[in-house]
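Have the viewer open while you read.

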Amino acid sequence: MRRQKERFFGMSKRAMTAAALAPFFMASTAATLPAQDSPAKANKEGLSVAAQSKFYCNIKALTPAERARHKELSDKLMGARSETVETSNGYEFQYSPKNVSLAEVAEWAVAESKCCPFFDFHFDLEREGTLVCLRLTGSEGVKAFIRAEFGLR
C-alpha cells in the first residue's frame, strides 16, 4: 500500500506541475495572435476587446520576457498541431509528444490564462503516452473567439 501512495503522490506532483504551468502558455498566445473574424481594439487599460464581446485579452498581464517566451511557445504549438478537433464548446489541439511535451503545453496554458482568464484548459495524455491533447473551452461564444483568434476554419 505504501508503494501505491508513493506512486500516487509522484503522479500528483507531475499533474500539479502541469496545472501550474498551464495558464502561462495560454496567456501569451491569444495576446499575440491577430483576430480574424472579430475586430479588436486596445482600450486605455491595455485590454484587447473584441467588439460586442465579453471575451478580451489583457495584453499587459505578461512581462516582456514572459510575452516573448509565450510567443515562442505559441508558434511552436500552432506549428506542431497534428490535428484540430472541434468540440461542442471549443476545440482540441492534438500533438505528438515527440514534437511537443505536456510540460510545454502546460507552460503555454499558464501564460494564456493570465491574459485570457475566460478559457477553460483541459490536458490529456492519451494512447499510452503517444498523444498530447489540449482542449480549450469556455462559456457560450468562446468557440467563435477561439476560431477567430487561432485562425481556425
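1. Start with the bridge partners in β7. G90 has T137 as its partner there, and for E92 the partner is R135. Keep in mind that this is a predicted model, so everything below is computed from predicted coordinates.

2. Those two residues sit in β5, residues 90-95, which runs antiparallel to β7, residues 131-137, with six bridges joining the two strands. β7 also pairs with β6, again in the antiparallel sense, this time over seven bridges.

3. Zooming out, four strands make up an open sheet, ordered β4-β5-β7-β6, with antiparallel pairing. The edges are β4 (83-87) and β6 (120-126), each of which pairs on one side only. From one strand to the next, the twist averages 20°. Helix α4, residues 142-149, packs on this sheet and touches β4, β5 and β7, with its direction at about 45° to that of β5.

4. How much of β7 is covered? Most of it: six of the seven residues in β7 are buried.

5. Four residues lie between the strands, and R127 takes a positive phi near 50°.

6. Now the rings. Searching the whole structure turns up seven aromatic pairs. In one of them, F118 and F119 have ring centres 4.8 Å apart and planes at 50°; that angle lies between the 30 and 60 degree cut-offs, so the pair is classed as tilted. Both residues are on the buried side of the 20% cut-off: F118 counts as buried because its relative accessibility is 14%, and F119 does so at 3%.

7. F119 has a second ring partner in F145: the centres are 6.0 Å apart and the planes make 55°, so this pair is tilted too. F145 is itself buried, at 7% relative accessible area.

8. Which residues form the aromatic cluster? F93, W108, F118, F119, F121, F145 and F150 make up one cluster. If you want a single selection to colour in the viewer, I'd take that one.

9. Last, helix α2, which covers residues 64-80. Its 17 residues reach 24 Å from the first C-alpha to the last, close to the 24 Å expected at 1.5 Å a residue. The buried residues of α2 are H70, L73, S74, L77, M78 and A80. Why do they line one face of the helix? Seen down the axis of α2, the buried residues fall within an arc of 165°, so they share one face. On the face turned away from that buried side, α2 carries the exposed residues P64, A65 and G79.

Methods: Residues are numbered from 1 along each chain as its sequence is written. This is a predicted model: local features need pLDDT of at least 70, side-chain atom pairs count only at pLDDT 80 or more; totals for chains, interfaces and linings use all residues. Side-chain values use heavy atoms; hydrogens and water are left out. The expected span of a helix is 1.5 Å times one less than its number of residues. Buried means under 20% relative accessible area, exposed over 50%, partly exposed in between (1.4 Å probe, protein chains only). The arc is that of the directions from the helix axis to the C-beta atoms. Two strands pair if DSSP finds at least two bridges between them. Axes are lines fitted to C-alpha atoms, for helices over the stretch in contact, and angles run from 0 to 180 degrees between N-to-C directions. Contact means heavy atoms within 4.5 Å. Rings of Phe, Tyr and Trp (its six-membered ring) pair if their centres lie within 6.5 Å; planes under 30 degrees apart count as stacked, over 60 as edge-to-face and the rest as tilted.
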